[in-house]
Amino acid sequence: MNKEFWAGIFVLIGLGSVGFVYVSVFVDKVVTEQKVYHLDANDVTGIAVGSPVMMRGYNVGRVTDITAEVEPRLRFEVELALLPNIPIPKDSKVLLGSRLAGGGIIDIQPPEEIGELLAEGEHLILTPVTSVQDLLETAEGILKDIAVMTKRGREFVEDPNQGLELRLQEVDKILKDMSLVLGETNSFLQELE
């Protein structure tokens, strides 16, 4: 009877686990009402099924499918499932960004004044915020600036007319003058007593 009891408990736990997985995976998709929109993109770096879709910091949905089309050129169609109560203006910009922890994020930026709204199933264009080439050019510019600053700093330190040694000599002179003034002040105070 002891073996049968534990076998029954094991079967119940297994059925409970399967039920939980079914509810969390399948029922969530069916029960949650969503509006579907499409993005046309040339680059989907970091985006995958399940990636979040944000609107000014608010999570409005997720990516549900990515389809690659190769004719006449490589491009992607990204399917978004968004909350039904969030309207998407037609003039919205859709940017491809990245998260600090890694992975991509889709950011919908509506215009300041909202006019016409998108109907469900309509298309928007996904724009990368920065390309890899832009990042490389920016890094190259920063490295050039650092090289110029380092060169000028070295010239300043090594220049006998304005370099570090001259500045330290001036500080020594100031400290000696202050020491003399403090000594004279101390002598003057002792005379007053």
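Strands (E, at least two residues) and helices (H or I, at least four) are DSSP runs, numbered from the N terminus. The model is predicted, so that local features need pLDDT of at least 70 and side-chain atom pairs count only at pLDDT 80 or more, while totals for chains, interfaces and linings use all residues. Residues are numbered from 1 along each chain as its sequence is written, and side-chain values use heavy atoms, with hydrogens and water left out.

**Exercise 1.** State how many helices and strands the protein has, and give their order.

*Solution.* Begin with the count: the protein holds three helices and seven strands. Next, read along the sequence, which gives the pattern α-β-β-β-β-β-β-β-α-α.

**Exercise 2.** Describe the surroundings of glutamate 77.

Step two is to list contacts, meaning heavy atoms within 4.5 Å. Leaving out residues up to four places away in sequence, glutamate 77 touches His38, Leu39, Asp40, Asp65, Ile66, Thr67, Glu69 and His123.

Step three concerns polar contacts, pairs of N or O atoms within 3.5 Å; within protein, one must be able to donate a hydrogen and the other to accept it, and residues adjacent in sequence count only if both atoms are side-chain atoms. The side chains of glutamate 77 and histidine 38 make such a contact, at 3.2 Å.

**Exercise 3.** Is glutamate 77 buried or exposed, and which side chain of opposite charge is nearest?

*Solution.* Buried means under 20% relative accessible area, exposed over 50%, and partly exposed in between (1.4 Å probe, protein chains only). Glutamate 77 is buried.

For charge, Lys and Arg count as positive and Asp and Glu as negative, whereas His and the chain ends are not counted. The nearest side chain of opposite charge is that of arginine 75, 4.6 Å away. A salt bridge needs a side-chain nitrogen of Lys or Arg within 4 Å of a carboxyl oxygen of Asp or Glu, and glutamate 77 has none.
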